[in-house]
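Dear colleague,

Please find below the sequence and the structure that I am handing over to you. My findings follow directly after them.

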Amino acid sequence: MIPIIIACCPLFFLQETQPADTSIHHTVMTEYNRYLAGESLTYDKKVDLARNLAHSNLWEEAIKLYTDLLADQPSDPDLLLGRGLVYAWNGRFMESEADLRAVTDQAPSYSDAWMALGNLYLWWDKPGEAEDAYSRWIALAPDRPDPLIARAKALQLVRDFPQARADLIHAQGLGGDPVEIDRLLREMDRIPSPLLWEPLLLHESVSFTNDFSDWTTTTLTVKRELATGSIAVGFARVARFDQMDGAGVLDGYLNLWRRSYGNLRINVASQPDVLPKADVTLEVFQGVGTGWEFSTSYRYMAFSAVQVDIYGVSLAKYAGQWYLRGQLLAVPGEKGNELFAKAAARRYLGSVDDFLEVGAGAGGEVEYGPGEPLYSTMQVFMIRGQKFFRPKLGLTVAGSYQLSDDYNQLGLVLGAVTRF
């Protein structure tokens, strides 16, 4: 029996069924009506008819025929697999699970049954169970790339991007589809939100060792995840030098070509005293090789009397649960370029939503001033962490300490993020 089903695998294991051709649909229904009328058919022809009914989206008819066949051979793994697949396509997930579990219990080395069970759980929104089923499939077919790609999709849903990335790189070495692998890698590099909406509230406070009053910034944004990226809009309230400004905020990500995406950040203040009228950053990221990513960026700040241009390049590496990144920024000026270099190491704690990050930087930096940019040479040390205590509620905390020739400053950030 197994060879019959295996020969039909291209039809049985499609992720999505296609609309049936009208003429084929009519032919299949004609054959099925003959079967209902009592016309004698061989076993192979009945199995073939059940498969054609399923492929023609005639799921109820296919289930009935499979059930009739199982009445005579209730333990046949191929028939259970066939009916389990049709149940899954028809959204009858509990019945599908019963059939497919019966197959895997009876024939634990039947790799196609583990594949079907993993697909069922993925469609059923049970990525943890899908991961387990795909892992059994991988153990039975270690030289095939498709089980690794399938498990990577399940891992992506549970936000275990480091392991998903490792599976995709392994699948790439086994000859997996490069277009699909690059698409999945790009999506994970961009770190999409798991839900459509993500409000974020951040409050930052900076204190100084000289007589400057504290600086504070409060930002509220709402992000909407899109099919090809994301967009966040909001408002920022900034208090510096005993003056207060407000600015509109836009932060968008867009998938570009293979393993590439872009980020555009815009802050606009209508009548600023401290902020620039416009603060715009454009950065393009490109993934290469096995876990490498580089980017180029340009930032434009338009103050009332002067504009500032900042150019940047970065190089990053995904290494297991670690994300390592270095960046170099250059600010052209009359006396040459002011350079600022920084590096950071982030450790993911299972999910990409939970992490701890440390970093340091040194060089010339540009700050918002009273109507003009402030230039200073400094060293900075940073630490940042994020933890989701519930799937839809997380906290982020960050601290920094900056040393300059004239003063030192301590920065603290506290934020809350929700999802729905």
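I begin with a single residue. Thr27 has a relative accessibility of 42% and therefore counts as partly exposed. Please note that the model is a predicted one. Thr27 belongs to helix H3. Between the C-alpha atoms of Thr27 and Asp99 there is a separation of 28 Å, the two residues being 72 residues apart along the chain.

As regards the overall form, the chain contains 12 helices and 14 strands. Its radius of gyration is 29 Å, whereas the globule rule gives 22 Å for 420 residues; the chain is therefore more spread out than a compact globule. Along the principal axes, the C-alpha atoms fill a box of roughly 95 × 40 × 35 Å. Of the 420 residues in the chain, 46% are buried. Among the contacts with a separation of 6 or more, 46% are made by residues 24 or more positions apart.

In soluble globular proteins, nonpolar side chains tend to be buried together. In this model, the largest nonpolar core comprises 45 residues, and those with the most contacts inside it are Leu53, Leu81, Val86, Leu117, Leu120, Tyr134 and Trp137. The elements that contribute two or more residues to this core are helix H3 (22–36), helix H4 (43–55), helix H5 (59–72), helix H6 (77–89), helix H7 (93–106), helix H8 (111–123), helix H9 (127–140) and helix H10 (145–157). Another core, of 19 residues, lies apart from the largest one and includes Phe161, Tyr323, Tyr348 and Phe355. To return to Leu117, its contacts are Leu100, Arg101, Thr104 and Ala133, when residues up to four places away in sequence are not counted.

The largest pocket has a volume of about 750 Å³. Its lining consists of 27 residues, of which Gln156, Leu157, Arg159, Ser193 and Pro194 lie nearest the centre of the pocket. At least two lining residues come from each of H10, helix H12 (178–190), strand E2 (215–226) and strand E11 (351–368). H12 gives the most to this lining, with four residues. By class, the lining of the largest pocket is made up of 12 nonpolar, four polar and 11 charged residues.

The structure also holds two cavities of 30 Å³ or more. The second largest cavity has a volume of about 30 Å³. Its lining is formed by Phe161, Pro162, Arg165, Met188, Ile191, Tyr318, Tyr348 and Val352. Helix H11 (residues 161–173) gives the most to this lining, with three residues. By class, seven of the lining residues of the second largest cavity are nonpolar, none is polar and one is charged.

Finally, I would draw your attention to Gly394, which is found in strand E13 (residues 393–404). At 0% relative accessibility, Gly394 counts as buried, because the cut-off for that class is under 20%. Leaving aside residues up to four places away in sequence, Gly394 touches Lys387, Phe388, Phe389, Gly415, Ala416 and Val417. From Gly394 to Val284 the C-alpha distance is 28 Å, and the two residues are 110 residues apart in sequence.

With kind regards

How values were computed. Residues are numbered from 1 along each chain as its sequence is written. This is a predicted model: local features need pLDDT of at least 70, side-chain atom pairs count only at pLDDT 80 or more; totals for chains, interfaces and linings use all residues. Side-chain values use heavy atoms; hydrogens and water are left out. A nonpolar core is a set of buried Ala, Val, Leu, Ile, Met, Phe, Trp, Tyr and Cys residues joined through side-chain atoms within 4.5 Å. Buried means under 20% relative accessible area, exposed over 50%, partly exposed in between (1.4 Å probe, protein chains only). Contact means heavy atoms within 4.5 Å. On a 1 Å grid over the protein atoms alone, a cavity is a set of points where a 1.4 Å probe fits but cannot get out, and a pocket is an open set with protein on both sides within 12 Å along at least five of seven lines; lining residues have an atom within 4 Å of a point. Grid points are joined across faces, edges and corners, and a volume is the space filled by probe spheres set on the points. Ala, Val, Leu, Ile, Met, Phe, Trp, Tyr, Cys and Pro count as nonpolar, Asp, Glu, Lys and Arg as charged, and the others, Gly among them, as polar. The radius of gyration is taken over C-alpha atoms; the globule rule is 2.2 Å times the number of residues to the power 0.38.
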